[in-house]
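Keep the sequence and the 3D view open as you read.

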Amino acid sequence: MSLLKSREAILALAILALLGLIASRFPSFVSPRSLARVLTDTSPLILLALGQMAVILTKCIDLSVAANLALCGMVAALLNGAGVPLPLILLAVIALGAALGAFNGVLVWKLGIPSIVVTLGTMTIYRGTIFLLTGGAWVNAHQMSAAFKAFPRTVIAGLPVMAWIAVAVTAGFALLMTRTPLGRAFYAAGGNPHAAVYTGISVGRTQFLAFVLAGALAGLTGYLWVARYAVAYVDIAGGFELDVVAACVIGGIAIAGGAGTVAGCVMGALFLGIIKNALPVVGISPFWQMAISGSAILIAIAFNAASRREPGRIILKKAEARQLQEAGQ
Amino acid sequence: MSPHDSRLPDHPTTAGRHIPDRLTSPAARALKSWEALLLVVAIAIFIMNAMASPWFLDPWSLSDATFNFTEKAMIAFAMAMLIVAGEIDLSVGAIIALASTVMGVAMSAGAPVPVLVLLGLGTGLACGAFNGLLVARFGLPSIVVTIGTMSLFRGISYIVLGDGAFTGYPAGFAWFGQGYVFWVVTVELVIFALAALAFGILLHRTNFGRMVYAIGNNATAARFSGIRVDRIRFILFLLTGLMSGVAAICLTSRLGSTRPSIASGFELEVVTIVVLGGVSILGGSGTIPGVVLAALVMGLVTFGLGLMNVPGIVMSIVVGALLIGVIALPRLLAMARGR
């Protein structure tokens, strides 16, 4: 565990160093108001990364979260247009998101299809469904009610509701992962599926629940996204699934499953969020962001691999080398 | 076990495998194969298309239809070998974007056509080598590596191009994507056929091909039997990068322009062709003829939908559903039979 703890410490130091570097040239970036804005901007990423974390812990991956977000966001905007009250919209998008996640989960659980194939497919299906719903039309700010747009921006104790939701979900996840049987099951199912089965954990069911959780969070984030940016169309959050996976990988969630913490995951998201918000401040074109995310993913996995337990085939390599050595002597 | 294997490996059953007294004849086996099914599906879609639209059976129209799959299928052959070996490359679309951008930069600097082609192929090879190095040399899981390089490669295109585009490729360059070898046979179709032949021979008629299957079925056993697993994995990534470079030349030549969003979503369609072609996503089995037939099926489906004025995004729903359906169907049937 000390290794894992040091991982989070390294990430925290990296974030502080990053902030320090930006602050040395642009001190206004680290003012409380600016940092609050960064947190608010990063809230969707934090919410999706937490859901993705549950999925990755169980040795799966969900590439459909951004499409799920976009579909739920569009449905929220359409329901709003039909005059449905906000609490019902919230319930509806969470339920829809969970259902879309459950569809992924069932295919993985009951049919044993690799999650990457399932979610690569549903990614295009969910996004295509938005087109089928709207014929490609946009829902613009003037077509949304004031209450619908105001909710995520309402400021309570210095932070908008959107950021508070991210904080609350983070706290909830910390409890879920460390204090509940389901949280332990996520780790067990990914860490050692065989052992998990022998201890009475259904690996498939656990994976299913992880997808449902990720889907529900994507649904909720869909509403927040559409309400905050006050626009809904087919391509919102296009490619966002890559940022989400990047946040998890940077946060030290092992892609092979079974290892990672909520703190790491949130810090991974914040790291990307700070870079994204700092680019325009520092005066670098936003077109750099994609390449920076990609490099961050690669550096993070290389780093994860270096601190990871050595897998079987490396041992084999050593034995091979020793045999060769002995043969040579 | 491959890193993207999310299933529990099956426990060995006590009943043992059923070993028949007599092997079924090769002809009977061929009839029951996945490839035979694909052939039937392809012919059925062909006939349906011919009935749905009077313009479909025109040779020029059919020639246009081949553009729907040739570029993707070129990559699909290399991707098939990669997936047979238990790896995957999700960065192929991004490699096309980067290769196309490099060619665009060179074109702006006044480079002649042969240099453009060499740069396109070279960029593909370099990207493939980068993926291969990270996966084979450093032992990182190929899914995450290629998700990372997917952002990196396309990200570099965005840095170079921003929201701009390269246009004005020299007239000689148009030959690759718009030229005809004779009558209605396009240059791309010939490249597709040659690639099919080359990869078919490589996978089914050489030691290298046998080693690819061996790695996909059991990488540890393959290593113990003296196969240089990492070297072969590296070569497979190299081949995928090279074919992405070839596809980049064809696509850039056909469109006559480069934007950073070029070939986005290609990875999905390439993987779909491979899986539709009967290659197991878990590695270890699949054939190149299957991939050829799957490419034809995909091309016919998208062209048929195009004839019916179905928009592109709806076609992508069909592709996504096809990907899941093709894998789900045999498993559903097996489950139904098991009960």
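Helices here are DSSP runs of H or I with at least four residues, strands are runs of E with at least two, and both are numbered from the N terminus. For residues 113–134 of chain A, the figures are 91% helix and 0% strand, with end C-alpha atoms 31 Å apart.

Both spans come from the UniProt record, an unreviewed entry, which lists "transmembrane region" for residues 46–79, 86–107, 113–134, 155–177, 208–230, 242–275 and 287–307 of chain A. UniProt positions are given in the numbering used here, feature names are shortened, and annotations may be inferred rather than shown by experiment.

## About the model

This is a predicted model, in which local features need pLDDT of at least 70, side-chain atom pairs count only at pLDDT 80 or more, and totals for chains, interfaces and linings use all residues. Residues are numbered from 1 along each chain as its sequence is written, while chains are lettered from A and ligands numbered from 1 in the order in which they are written.

## The two chains overall

Chain A has 14 helices and two strands, and its C-alpha atoms fill a box of roughly 80 × 55 × 35 Å along the principal axes. A compact globule of 329 residues would have a radius of gyration near 20 Å, and the 21 Å of chain A agrees with that. The radius is taken over C-alpha atoms, and the globule rule is 2.2 Å times the number of residues to the power 0.38. Of the 329 residues in chain A, 50% are buried; a buried residue has 20 or more other C-beta atoms within 10 Å of its own, an exposed one 12 or fewer, and a partly exposed one falls in between, with C-beta atoms placed from the backbone.

Chain B has 15 helices and four strands, and its C-alpha trace spans about 70 × 55 × 35 Å along the principal axes. Here 49% of the 339 residues count as buried. Among contacts in chain B between residues at least 6 apart in sequence, 80% join residues at least 24 apart; a contact means that two C-beta atoms, placed from the backbone, lie within 7 Å.

## Where the chains meet

The contact draws 44 residues from chain A and 44 residues from chain B. On the chain A side, the elements giving two or more residues are helix 4 (86–110), helix 5 (115–134), helix 11 (240–250), helix 13 (289–307) and helix 14 (312–328). Helix 5 of chain A gives the most, with twelve residues.

By class, this side of chain A has 32 nonpolar, ten polar and two charged residues. Ala, Val, Leu, Ile, Met, Phe, Trp, Tyr, Cys and Pro count as nonpolar, Asp, Glu, Lys and Arg as charged, and the others, Gly among them, as polar.

## Helix 9 of chain B

Which residues of helix 9 of chain B are buried? They are B:Glu188, B:Ile191, B:Phe192, B:Ala195, B:Phe199 and B:Leu203. Seen down the axis of helix 9 of chain B, these buried residues fall within an arc of 100°, so they line one face of the helix. The arc is that of the directions from the helix axis to the C-beta atoms.
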